[in-house]
Amino acid sequence: MRGRSFRGHARIDRVRFVLQVPERESVWIKLGTLAEIEMDADEPLHLSGRVARLSHALDPQTRTMQVEIDFDNRERRVIPGMYGNARL
């Protein structure tokens, strides 16, 4: 069977940031917690969102909890793979 090429499309009108929150701070994180993200972009880019998902458990090796925050990105200012700093 020959391989076929295809083009995938990513939906970027909403973006998800995945954070690893240290154990000592994880006890304060709940669904709906306000999150502020400052992106490491050429121009200062600040986003506000809320915690949408969390793992409810710590990673035994890193002692961190995974937290996911969804943001509106209708203006498409954020692209997949960008990094930033979060404040919860």
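The legends below describe close-up views of a predicted model. Residues are numbered from 1 along each chain as its sequence is written, and side-chain values use heavy atoms, with hydrogens and water left out. Local features need a pLDDT of at least 70 and side-chain atom pairs count only at pLDDT 80 or more, whereas totals for chains, interfaces and linings use all residues.

**View 1. The five-stranded sheet.** An open sheet of five strands runs in the order β1-β4-β3-β2-β5 with antiparallel pairing, where strands are DSSP runs (E, at least two residues) numbered from the N terminus and two of them pair if DSSP finds at least two bridges between them. β1 and β5 (84-87) are the edge strands, each pairing on one side only, and the twist averages 35° from one strand to the next, with axes taken as lines fitted to C-alpha atoms and angles running from 0 to 180 degrees between N-to-C directions.

**View 2. Strand neighbours within the sheet.** β1 and β4 are joined in the antiparallel sense over nine bridges, and R16 stands opposite D70 in β4. For β2 and β3 the antiparallel pairing extends over six bridges, and here E38 stands opposite H46 in β3.

**View 3. The two faces of β1.** In a regular strand the side chains alternate between the two faces of the sheet. The covered face of β1 carries V15, F17, L19 and V21, while R14, R16, V18, Q20 and P22 make up the uncovered face.

**View 4. The largest nonpolar core.** This core (buried Ala, Val, Leu, Ile, Met, Phe, Trp, Tyr and Cys residues joined through side-chain atoms within 4.5 Å) has 17 residues, of which F17, L47, V67 and F71 touch the most other members. Two or more residues each come from β1 (14-22), β2 (34-39), β3 (45-54) and β4 (64-72).

View 5. Because F17 lies in strand β1 and F71 in strand β4, the pair ties together parts that are 54 residues apart in sequence.

How values were computed: Buried < 20%, exposed > 50% of the residue type's maximum accessible area, 1.4 Å probe, protein only. Helix = DSSP H or I, 4+ residues; strand = E, 2+ residues; numbered from the N terminus.
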